[in-house]
Amino acid sequence: MPVTIENQVVLVVGASSGIGRETAALFAREGARVMASARRQERLRELQESLAREGRTLETLAADAADASQMEHLAERTRERLGEIDVLVFAAGTNVPDRSMKRLTTDIWDMVVTVNLNAAYYITRAVLPAMRARGAGHLIYIASVSGLFADVSGAAYQASKRGLLGLAHAIRVEEKENGIRTCVICPGLVDTEILDRRPVKPSAETLAKALRPEDVAETALAVAKLPARACVPEMQVVPTYL
Ligand SMILES: NC(=O)c1ccc[n+]([C@@H]2O[C@H](COP(=O)([O-])OP(=O)(O)OC[C@H]3O[C@@H](n4cnc5c(N)ncnc54)[C@H](OP(=O)(O)O)[C@@H]3O)[C@@H](O)[C@H]2O)c1
């Protein structure tokens, strides 16, 4: 029988749009105590207002995941406002149109790797000690199939996503004896705003067959609902047509 997520404290990083937004909303609808964070405060407010119309509440805090001190602050404020963190969903991520090696610059490389990978480490470092002390915690990272297979998403994006897989698996090996689970979810194409930053946006026909962000949110929820004895270290969720 799945564990209820009701009253669990869930921190979602990258919750202002796409997968993170739908994950924060879905967990809130399931009765979790959710902290939704990203940089765009107005998007977070819009999410909060939209859930309020459904009779649901959710806390928000604007923070830049690329800043380690802001991630420490986010973890502290989440604990103060909601209690000890049971589940972290790291859904922040970015890419750029100038992603080919011909166009990539060191600034772009640093930015992409910092948001997609370093930021995951920063927020993990901020939440892990309390989870370890309690002997429980679930760390769910949204990576990509681009971290598993070669594609044209760019060297910085692919390296950062492969790195995220490595981060998640390394943490699991070290922390499983402390009751901490990690799951790295690798989605295929999802119809979200990140696709606006592709050199060429997928066609309407392709987008119609793509995953929707709520599909990945449902995947994260299913993982989070597993009993403490069960762990899914890594999984793919891809459009059926692929
Ligand atoms: N869409 C796809 O096809 C696809 C496929 C596989 C994997 N993914 C991965 O899924 C994750 C979510 O992306 P998405 O598809 O949902 O795209 P999205 O709608 O663009 O969402 C990206 C989220 O990351 C946040 N973010 C970006 N930089 C941030 C920063 N410095 N600090 C805090 N938050 C930051 C954004 O919020 P702010 O801009 O407000 O900060 C936004 O909430 C990404 O890691 C992406 O690589 C997407």
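Two residues are taken to be in contact if their C-beta atoms, placed from the backbone, lie within 7 Å. The structure discussed here is a predicted model, in which local features need pLDDT of at least 70, side-chain atom pairs count only at pLDDT 80 or more, and totals for chains, interfaces and linings use all residues. Residues are numbered from 1 along each chain as its sequence is written.

The protein chain holds seven helices and seven strands, these being DSSP runs numbered from the N terminus (helices H or I with at least four residues, strands E with at least two). Read from the N terminus, the elements follow the order β-α-β-α-β-α-β-α-β-α-β-α-α-β. The radius of gyration of the protein chain is 17 Å, close to the 18 Å that the globule rule gives for 242 residues, so the chain is as compact as a globular protein of that length; the radius is taken over C-alpha atoms, and the rule is 2.2 Å times the number of residues to the power 0.38. Along the principal axes, the C-alpha atoms fill a box of roughly 50 × 40 × 35 Å.

Helix 1 and helix 7 (residues 213-224) pack with their axes 8 Å apart and at an angle of about 55 degrees, where axes are lines fitted to C-alpha atoms, for helices over the stretch in contact, and angles run from 0 to 180 degrees between N-to-C directions. That angle makes helix 1 oblique to helix 7, since angles under 35 degrees count as roughly parallel, over 145 as roughly antiparallel, 65 to 115 as roughly perpendicular and the rest as oblique. On the helix 1 side, Gly18, Ile19, Arg21, Glu22, Thr23, Leu26 and Phe27 meet Pro213, Glu214, Val216, Ala217, Glu218, Ala220 and Leu221 of helix 7.

Helix 3 (residues 68-82) and helix 4 also form a packed pair, at an angle of about 40 degrees and with axes 8 Å apart. Ala68, Met71, Glu72, Leu74, Ala75 and Arg79 of helix 3 make this contact with Tyr122, Ile123, Ala126, Val127 and Ala130 of helix 4.

Around the ligand stand 30 residues, the closest being Gly14, Gly18, Arg39, Arg40 and Gly93, with a residue counted if its C-beta atom, placed from the backbone, lies within 6 Å. Helix 1 (18-29) and helix 4 (106-134) are the elements that give two or more residues to this shell, and helix 1 supplies the largest share, three residues.
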